[in-house]
Amino acid sequence: MSGGLTSLSFPKNAHAALANPPLLKAIAHIEETLVSGRRRAAEALPEFEALRDAGRDIKAHTLAHLDLYLEAFERKVVEAGGFVHWAADAADANRIILDICQKAGARRVTKGKSMITEEVGLNAYLQANGIAPVETDLGEYIIQLRGETPSHIIAPAVHVNKEQVAADFRRVHTDLDPKRNLDEPTSLLAEARGVLRERFLSADVGITGANFLVAETGSTVIVTNEGNGDLTQILPKTHIVLASIEKVVPTLEDVATIMRLLARSATGQEMSVYTTFSTGPRRAGDPDGPEAFHVVLLDNGRSAMLGSEFEDMLRCIRCGACINHCPVYRSVGGHAYGSVYPGPMGSVLTPSLQGLEKSAHLANASTLCGRCESVCPMRIPLPKMLRHWREKEFERHLTPKKARFGLAAWRFLAARPRLYGLATRLGAWGLARLAGRDGALRQVPLAGGWTRWRDLPAPEGGTFRTEWAKRGRK
Amino acid sequence: MSSRDAILGRIRRSLGASGSDAPRLAAVRHRLAETPVNVVPARGQLPSAERIDLFVRKAGEVFATVVRLGGRDDIPAAVAAYLRDRNLPQAIRRGDDRRLADLPWEREAQLAVTTGPSDGSDLVGLSHADAGVAETGTVVLTSGPDNPTTINFLPDHHIVVVDASTVAGDYETVWADLRRRFGAGVMPRTVNLVTGPSRSADIEETLLLGAHGPRSLHILVVG
Amino acid sequence: MTTPKPRVALFVTCLVDFFRPTVGFSAVKLLEDAGCEVSVPAGQTCCGQPAYNSGDRAGARALAEQVIALFEGFDQVVVPSGSCAGMIKTHYPDLFSGEPNWRLRAEALADKTHELTSFLVDVLGVAPLPVTFEGTATYHDSCSGLRELGVKDQPRRLLSAVDGLTIKEMHDPEACCGFGGAFCVKYDEISNAIVDRKVADVRTTGAELLLAGDLGCLLNIAGKLKREGSSVEVRHVAEVLAGMTNGPAIGETRK
């Protein structure tokens, strides 16, 4: 992960993030752009809520028949002259892709933006095997130059400011005229466009992810704004699509429905600029397009999520709305999570991918405020699933001892109303006395987490139950 | 056991289902054959003239420029005018599509028209869309021997001709039309849905046009 | 002929019981003014939410059984907290999946349990007795009440009838305050960053008073405002509606 951050060190990562003003400024911006954009787009489409229901139903139907839709998809890809490969895990996927690249004699590879290639660690693997992958999405390109990982699934470089980008370009683009002005985003974009254009034209293999796989037609679908995904897949001789198995949907109609939700939820656009359906390699007489077309279907733990309490997570279309609306993400950014996928969707998915032991904190680092679920286009009950992970932690005794002890003590007390009454009476009286006339406490023994940042309002004095009893009421 | 069988087996175990269960197979067959329509926004369900107006307005909202032409023969002059207005050289690249080839290009003597796929050196590309979608101002382009995909992405400026009679209210209408023309379950090699010019907001969430694809999208609506 | 008064049980919640009995008395007054016969079953403690949200299902279940047994005999159960009401209404049935008898009892209780303002508006449909409160207030939508129970307009509708009170909305009243139960001490630094934004939003309204329907959020926001030396006062919405605002606001110096 970026800077070696892991999910295990989440509080430390968060602490560092909170002491990083440029990062905080960058994340704060999400409010005016992505969050208000989504709100406007949803309000402008009367059918938006009905589409969310339909989207959820499409995915639920597909997941219940996933094996059959994958087989149907495979048949259609083969009919169109493409190849389908099945990868059980990350290592499988990397091996398959390397093999295709090597057989194609590839040295230079371009990549469209793809979280799934982040998930399997494809770039590092290809590099270690002598192939140089070039990220072509502007944000991905920037973080590749910086040796980082994405901090957001749709805005990978949201944590980087333009001065940092300019410095990175000057460091890496050795042909760049030192006098060239790179003060503004427009000039940075022009510089990247020029450099990457050459990369597109000289690539041997193009690798993309997929937003959808269409069982009806054997098409893979990518959705982008920049057009980099298209240049990645139409110019090289070989196009490889890496997609996880839950990306399949039955028909074009189903794509249309989810398409109407995707960009609106992600950026507030009604439609992303480029939605491209690719079906097999170039056909007889075609003047361009790839000569070979490979689809690698990745499982990597997903088949085990089916039929479990985490199945609904497989409806996720990676729009990032839950991330944009999450108060925790908005406080610390994506890298703090130490996982490929940040925010609520990441905290639900990551333990399935990397194991609960390595994911401590993720499910707990949430206020369960529910805003994620309220904006999820696929109506995924994210808070409920975060709670499921907490239950599994508790069952497996992974919950920290102090918290377990606290819970046990509370449970003991709350199950004994008389003792509870006595304890709360004493506690409220004691705290009220401690506060004196102040009404609030600046320091309370054992409550450092609270009083480090805020006062603790003092109890009024007697508990409600004692005051009520004093009035002779029942 | 192959990875394929292992994955499919795991899926079936997790679902507690079999790959040869008749009702499941029937449900999938039915859905793929009948391609039921889900929720379609009312927005695009308009009579022809209003639908085309909506298409023009929506395309404008996503920073495409749109010109309406009375007939196909007006296309060459409209292309030349666009190039003049933008101070661009009088040169375009297009595919061999009959709908573009059979136009009175000779009327624009200054205009150099080359055909075939783009290698990245062209400033302006011209394509013919198969359809427009009013709901979002989207143009639909399909690849084929006479319609190179590279023209849609490599030139700085992309001019797209849309026949007004092909402007649909929604995507579902376009899918039905593709099935009618290419056959059920068959797609052209590439289908591009293009909604405005290329853009990026990856640097400080500042919206910029012309990321990797065309910086401008100019739509000629004919008829 | 008079219809018999509905027999309403108040589930006062552990936080109100401990920190802010005034909220409990305000709730009783509002319910009695509305014609209810109010009981406060002795023996009530905690709804089990802390255990439930910490993954301790068995612990939550044990407390849920206790609450169900204690409250199921009443016509209605009213809670001056969206999150505790939400626990009973939306999560209790889930705790007993696979045990039909308990599940039925949990569902029956869920059906007749209500958050206070929602009970007044949606169930009773009565206007509280007229009260006066001079000043401007802003209302924070507590997450559970808002998103689990749809409590949004009810408190605002009731507040709009308060004489002299002006409501100034925050830019984002629906944003979480960062309390989150154990979250606020486990991830205190992040919780602080979140409540920081909430308090900044409160400040920009210029309101003199912050209101909400959940004591957890109120303690958190009040604690932050006090630490900053802010003069903004904090109260539970029931206090204003019941006209019980003579005592000091939450965390305020006693006179």
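Guide: This is a predicted model. Chain C is divided into domain 1, residues 7-122, and domain 2, residues 131-242.

Visitor: What separation do the centres of the two domains of chain C have?

Guide: Over C-alpha atoms, the centres of domain 1 and domain 2 of chain C are 22 Å apart.

Visitor: And how many residues are in contact between them?

Guide: Domain 1 of chain C puts in 30 residues, and domain 2 of chain C puts in 23.

Visitor: Which elements give two or more residues to the domain 1 side?

Guide: Five helices of chain C: H1 (14-19), H2 (21-33), H3 (49-53), H5 (82-95) and H7 (116-124).

Visitor: What's that side made of, by class?

Guide: On the side of domain 1 of chain C that touches domain 2, there are 12 nonpolar, 13 polar and five charged residues.

Visitor: Stay with H7 of chain C. Which of its residues are buried?

Guide: C:Leu116, C:Thr117, C:Ser118, C:Phe119, C:Leu120 and C:Val121.

Visitor: What covers them?

Guide: The cover includes H2, strand E3 (76-79) and strand E4 (113-115) of chain C. Helices H8 (143-149), H9 (153-160) and H13 (237-242) of chain C are also among the covering elements.

Visitor: What follows H7(C)?

Guide: C:Gly125, with a positive phi near 60°.

Visitor: Switching to interfaces. How many residues does the contact take from chain C and from chain A?

Guide: Chain C gives 58 residues and chain A gives 55.

Visitor: Which elements of chain C each supply at least two residues there?

Guide: H1, H2, H3 and H8 are among them. So are helices H4 (57-71), H10 (183-186), H11 (188-205) and H12 (215-227) of chain C.

Visitor: And the classes on the chain C side?

Guide: The side of chain C that touches chain A has 27 nonpolar, 17 polar and 14 charged residues.

Visitor: Now chains A and B. How many residues does each put into the contact?

Guide: 82 residues come from chain A and 62 from chain B.

Visitor: What gives the largest share of the chain A side?

Guide: Helix H11 of chain A, residues 185-202, with eight residues. By class, the side of chain A that touches chain B counts 40 nonpolar, 24 polar and 18 charged residues.

Visitor: Strand E9 of chain A and strand E9 of chain B: parallel or antiparallel?

Guide: Antiparallel, over five bridges.

Visitor: What stands opposite A:Thr275?

Guide: B:Leu193, in E9(B).

Note on methods. Residues numbered from 1 in each chain as written. Chains lettered and ligands numbered in written order. Predicted model: local features only at pLDDT ≥ 70, side-chain atom pairs only at ≥ 80, totals over all residues. Domains from an automatic or database assignment. Contact = placed C-beta atoms within 7 Å. Helix = DSSP H or I, 4+ residues; strand = E, 2+ residues; numbered from the N terminus. Nonpolar A, V, L, I, M, F, W, Y, C, P; charged D, E, K, R; others polar. Pairing = 2+ DSSP bridges. Buried ≥ 20, exposed ≤ 12 C-beta atoms within 10 Å, placed from the backbone.
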